[in-house]
Amino acid sequence: MEKRTYITIMLAVLTIAAIFLNTAVFDDSDNPDLDPKQFYNIAHRGASGDTPELTMAAFDRAVEKGADYIEVDLQMTKDGVIVLMHDETVNRTTDGTGLVSELTLAEIKQLDAGSWFNEAFPEKAQPEYIGLEVPTLREVIEEYSDELRLYIEIKEPNAFPDLEEKLVFLLNDTGLIGEDVPPGNVLIQSFGAQSLYNIYLLQPDIPLIQLISYSDIPSITGDAMDSINEYAVGIGLSYTQITRSFMKEALSRDLLVHPYTVNKPEHMETLIEWGATGIITNYPGVLQEVIERNKEELIGYN
Ligand code: G3P
Ligand code: CA
């Protein structure tokens with residue numbers, strides 16, 4: 001590795017460690033315990049391989065295919081409503097154009113969030129996808145909280161200064177988190193340590209997943225994992241970058257390891273053999289079949 005690359009990586013890790021450790025605000029007893037042996041089927045943007053991502057159709061399919069969690073990305077409208085959309089603009093996944101942050105909820109609700117999928121994937125097209133709406137996070141919680149758990153990503157950089165506050169308010173307001181609710185109803189992930197820190201300050205009992213970018217993975221060895229373990233219950237990273245020894249190191253600390261975005265059965269099987277505690281996939285049905293075939297490897301799966 002080039003010296004400059006190494007220094008950049010180390011600086012990133014030290015920044016994360018400094019935020020979490022030097023400020024000394026994390027109390028490990030706040031770190032909620034999830035069963036590290038439990039394996040989770042996590043539907044990336046819903047069942048987004050077969051249906052228009054982040055729509056009710058994608059979440060219906062995820063339920064039908066046996067997902068445990070739906071992974072969702074958040075944006076905020078001009079009038080401050082949290083909606084589900086991966087990109088900052090509506091251009092790719094609707095028939096509109098522009099930044100989500102410059103459109104009101106009423107304007108966003110006029111958009112068609114399904115037809116693009118029929119055009120892009122004619123072999124998977126369905127008439128019922130035409131005219132699907134962009135859902136708000138509240139709508140999705142109200143519709144699916146009995147059937148699915150939420151795996152929420154806060155984008156890095158987070159363009160919305162009050163997003164974390166609004167998110168935690170909404171999760172409390174809808175009863176998704178709180179004293180009488182089991183941990184793990186909601187997981188929050190981010191590449192940004194600052195966003196995770198903000199969530200911790202607002203609601204320390206929400207389990208956090210630290211996403212690790214491609215370039216940082218080589219620097220996440222023992223000490224860095226110990227630092228992450230102070231505040232997060234697990235790590236998310238691209239399956240293309242993970243190694244068996246990385247997995248072993250993380251699992252030995254009881255960190256959850258959730259590789260993304262894994263769509264081929266052979267890759268799922270390898271990750272399960274290495275001990276992954278969950279997989280993020282566009283095809284929860286394919287993962288469910290792999291799970292059925294590998295149940296003996298998945299201690300705690302039920
Ligand atoms: O779970 C992590 C993964 O969702 C990050 O990638 O771009 O699909 O949000 P992206
Ligand atoms: Ca995401």
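Hi everyone, let's start with a bit of packing: the buried residues of helix H10 sit against helix H9 (244–252), strand E8 (256–260), strand E9 (278–281) and helix H11 (284–293). Before I go on, please keep in mind that this is a predicted model.

So which residues of H10 are buried? In this helix, which covers residues 265–274, they are Met 268, Leu 271 and Ile 272. Looking down the axis of H10, you find its buried residues within an arc of 100 degrees, so they line one face of the helix. As a reminder, an α-helix has 3.6 residues a turn, so residues three or four places apart point the same way.

Ile 272 belongs to H10, and its relative accessibility is 3%, so it counts as buried. What does Ile 272 touch, apart from its neighbours within four places in sequence? The contacts are Phe 39, Ile 279, Val 290, Asn 294, Glu 297 and Leu 298. Take Phe 39 from that list: it is 233 residues away from Ile 272 along the chain, yet their C-alpha atoms are separated by 9.1 Å.

Now the whole chain. It has 302 residues, and 52% of them count as buried. Its secondary structure consists of eleven helices and nine strands. If we take contacts with a separation of 6 or more, 61% of them are between residues 24 or more positions apart.

Next, the metal. Which protein residues are donors to the calcium ion, ligand 2? They are Glu 71 and Glu 153, each through OE, and Asp 73 through OD, at 2.2 to 2.3 Å from the ion. Along the chain, these donors have the spacing E-x1-D-x79-E. Asp 73 is in strand E2 (residues 69–76) and Glu 153 in strand E4 (residues 149–153), so this pair, 80 residues apart, links distant parts of the chain. Are Asp 73 and Glu 153 buried or exposed? Both are buried.

A few words on the backbone. Most residues other than glycine have a negative phi, and most peptide bonds are trans.

Arg 45 is not a glycine, but its phi is positive, at about 60 degrees. You will find Arg 45 in the loop that runs between strand E1 (40–44) and helix H2 (56–64). With 15% relative accessibility, Arg 45 counts as buried.

Leu 54 is also in the loop between E1 and H2. Its phi is positive too, near 55 degrees, and Leu 54 is buried, with a relative accessible area of 3%.

Pro 157 is in the loop between E4 and helix H6 (163–173).

How many cavities of 30 Å³ or more does a search of the whole structure find? The search finds four. The largest cavity holds about 60 Å³ of space. Leu 54 turns up again here, among the lining residues of the largest cavity, which also include Glu 53, Thr 55, His 86 and Pro 135. By type, that lining divides into six nonpolar residues, three polar and two charged.

How values were computed. Residues numbered from 1 in each chain as written. Chains lettered and ligands numbered in written order. Predicted model: local features only at pLDDT ≥ 70, side-chain atom pairs only at ≥ 80, totals over all residues. Heavy atoms only, no water. 1 Å grid on protein atoms, 1.4 Å probe; cavity = no way out; pocket = protein on both sides within 12 Å on 5 of 7 lines; lining within 4 Å. Points joined across faces, edges and corners; volume = space filled by probe spheres on them. Nonpolar A, V, L, I, M, F, W, Y, C, P; charged D, E, K, R; others polar. Donors = N, O, S within 2.8 Å, 3.2 Å for Na, K, Ca; no water. Helix = DSSP H or I, 4+ residues; strand = E, 2+ residues; numbered from the N terminus. Buried < 20%, exposed > 50% of the residue type's maximum accessible area, 1.4 Å probe, protein only. Arc of directions from axis to C-beta. Contact = heavy atoms within 4.5 Å.
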